[in-house]
Every structure is written in C-alpha cells, then in structure tokens.
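Here is a friendly note for anyone opening this structure for the first time. Please keep the model beside you and follow the points in order.

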Amino acid sequence: MSEGTRSFRYQLEKAEPRTGAGGITRGASIREFPASIGIAGVSMRLAPGSMRELHWHANAAEWAYVVSGNCRTTVLHPDGDSATDSFGPGDVWYFPRGWGHSIQGLGPGECHFILIFDNGDFSEDHTFSITDWLAHTPPQVVAQNLGLPASELARLPSGEAYFAQGPVPDDQSGLAAQRPAAELTTRHRYPLMAQQPRRVAGGGTQRVVTVDEFPISTTMAGSILEIQPGAMRELHWHPNADEWQYYLHGEAEMAVFLAEGQVVIERFEAGDIGYAPMGAGHYIRNTGSSVLRLLIGFNSGRYQANDLSAWLASNPVDVIATNLGLPQEVAARLPHRTSFMIPGP
C-alpha cells in the first residue's frame, strides 16, 4: 500500500478486546495501524480491585491519561526507590522505558485509561510480566529467590496472569480527588485537566503537558483539545514529533498532507484513533453538533507546532501576494498573527 492510500484512522474501540480477570484491553501498534509508525496506543479498563500485573516494557516508555474512574500505580525506580500514586479523571502518568510497574482499579466503578507508547512497534502482548517470568524459571531458582517452600511455590500461577482480580484496597486515602491541591503533582503524576487552558473565543481550548511541567516525561508530551462545533485546529505541522490522537467525544474530520499532491482525509467518531506523521501538515475540524474532545500524544518531551496563520503573518505582504498569486490588497487581509483555533462560520 502506498503512503498516499494509507489510512490515518483506526477504530480502536471496535477492535476485538483481550479480556481477563476484571480487565479489558484493546491495542494498536504498527501491525494493526500501519500508518502509526512512531507511536502505539492501548485502551484499557479495570474493574475495582482488578490489577494489570507487575510488568515492564523493554522498548518503550508509557504515557497515560485517565478518561474515567480511579486507579493507583506502583513503580520501581532503577535506583531501588519506588512510588505509589493514585489517579482520577484527567490525570496523566509517565513511566520511563524498562521501569517495573503495576496498575490497579480503585473503584467505585470501572477505570478507563489510554496508554501511549513512544514506539510504533510496541505491543502490549509482548510485555515482560512477573508471572510469566516466574512460571518459566526453574522452580528451584524461584524457590531460592523468593524463600518459599515447594508447597507454597505450587500456588503461583502456571503462566502469565496479565490481569489479576483482587479486593479493592482498604486504604483509599490516596484517591486523587481527595488529595490536597499541593499534592496533585508528584514525580509520576500530572493533573492535566486541572491546568488552566489556552482559550480561543469561538474556537476552543488546549491543555498541554511537556517535560517542562512534568520533568520525568522526557520522551513524550500530551495535550487535550476541545473544539467548538464548526471550528477547527488550523492547518499546522509538528517539526519534532509524530501526533497520535484518541477521540474522546464528538465527530471530526482530519486531513494529512504528505506532499507531492497527496492528502488523505479521514472522519472520526468517539473511540477512534488518528495519526499525523512528523512534519506532515494537517488540521482537525469539528463536524458534529457538540464540543469535540480529543487526547493527543507526541513522541517528544517538547511540544512544537508550526501554524499556517503564524507562517503567513511572518512574511511581508508582497512575498505572500507573489507566492499565492493574489492581489496585494487581498494578501493584506490574510492573518497577521497566529490563530491556532479557527471559529466556525
């Protein structure tokens, strides 16, 4: 398939899920979504008490956004330190590549979160899990390492658990919603939806978290866009990162410009994911009757964007008139400052 006919849309939430003890996961790597060469993503849901078991990723860092519900994570730092944090809707976490961690639903209902990985060839099915490791290590070695007799060793899972269902933790004092505001940001947690957004009258809002606000997130940045009906995130491109999109609510149109006359136009609904390669021009337009909300992940810790309006505004009017073949009086009416969001007609 040529790049010009490649699809930049994948219906993630309609994909066949992997299910287990209180957990549901759907993933999209380059195998399921060939256009997404630089970023992979997973939609995961955990019932109260259900745990995505202790595991690590050898080839990707993990950036996550909590859509709904509450969960807690534990993470082992290579220096032997560790951290336990709790998360609520709108919170973000980040675990560097190779750091061992787990995720558990806290209730009262299901927790839904989106995981984004800075490697398009990543697959959640090829993660290193503690039960898989122990089940395929000689029993005498496991017994010696854990200090367990053979009778207790037999209780361990005989293969990978992936999800493990347990009781809801008794101590719920760590829920993000109950923490003092001063504690909302920790080494691994950033409250993205608590951030004051950038607003464009009639256009929408943007919230962005980069390595500047969230220092541990050195390889990834993220954003939440809210776009009013008929409005659009203007034509732009990202010079330093690929863009991975998860459509949270609403309907949209996105077109990717690939040069040499190639433009691919896609239409999206909630639960879909989209992708714009590094350097490829694109826009996102709200085609529905309600506010469009989408989560965006970038495989760089820095957010950079070149917007069409800012580019036009930075050139003398005669340059624009000559380049676009317009009368100077028409060229003079083109944007003189960056627009970012364009209100609807």
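This is a predicted model: local features need pLDDT of at least 70, side-chain atom pairs count only at pLDDT 80 or more; totals for chains, interfaces and linings use all residues.

1. A word on terms first: a residue is called buried under 20% relative accessible area, exposed over 50%, and partly exposed in between, with a 1.4 Å probe and protein chains only. Arg-189 is buried by that cut-off because its relative accessibility is 0%.

2. Residues are numbered from 1 along each chain as its sequence is written, and side-chain values use heavy atoms, leaving out hydrogens and water.

3. Now look for charged pairs. A salt bridge here is a side-chain nitrogen of Lys or Arg within 4 Å of a carboxyl oxygen of Asp or Glu. The whole structure holds 14 salt bridges. Side chains of opposite charge can pair when their charged atoms come close.

4. Return to Arg-189, which forms a salt bridge with Asp-85, with 3.3 Å between the closest N and O atoms. Arg-189 belongs to strand 14 (residues 189-191) and Asp-85 to strand 8 (residues 82-87), so this pair ties together parts 104 residues apart in sequence. Strands (E, at least two residues) and helices (H or I, at least four) are DSSP runs, numbered from the N terminus. Asp-85 also counts as buried, because its relative accessibility is 7%.

5. Arg-26 sits in strand 3 (residues 23-28), and Glu-13 in the loop between strand 1 (9-10) and strand 2 (18-20), 13 residues apart. Glu-13 also bridges to Arg-45, at 3.2 Å between the closest N and O atoms. Arg-26 is buried at 16% relative accessible area, and Glu-13 is buried at 18%.

6. The Gln-104 side chain reaches the backbone oxygen of Gly-49 at 3.0 Å. Beyond its neighbours within four places in sequence, Gln-104 has contacts (heavy atoms within 4.5 Å) that include Leu-46, Met-51, Arg-72 and Pro-169.

7. Please also check strand 23 (residues 281-286), where five of six residues are buried. Strands count as paired if DSSP finds at least two bridges between them. Strand 23 pairs in the antiparallel sense with strand 18 (residues 232-237) over three bridges, and six bridges join strand 23 to strand 20 (residues 251-259), also antiparallel. Ile-284 in strand 23 stands opposite Arg-233 and opposite Met-254.

8. Finally, turn to the surface. Leu-235, Leu-308 and Trp-311 make up a nonpolar patch there, with about 290 Å² of accessible area together. Accessible areas come from the Shrake-Rupley method with a 1.4 Å probe, and for residues only the protein chains shown count as cover. Patches are made of residues with over 30% relative accessible area and no salt bridge, joining like charges within 9 Å and nonpolar side chains (Val, Leu, Ile, Met, Phe, Trp, Tyr) within 5 Å. Trp-311 is part of helix 4 (residues 308-313).

How values were computed: A polar contact is a pair of N or O atoms within 3.5 Å; within protein, one must be able to donate a hydrogen and the other to accept it, and residues adjacent in sequence count only if both atoms are side-chain atoms.
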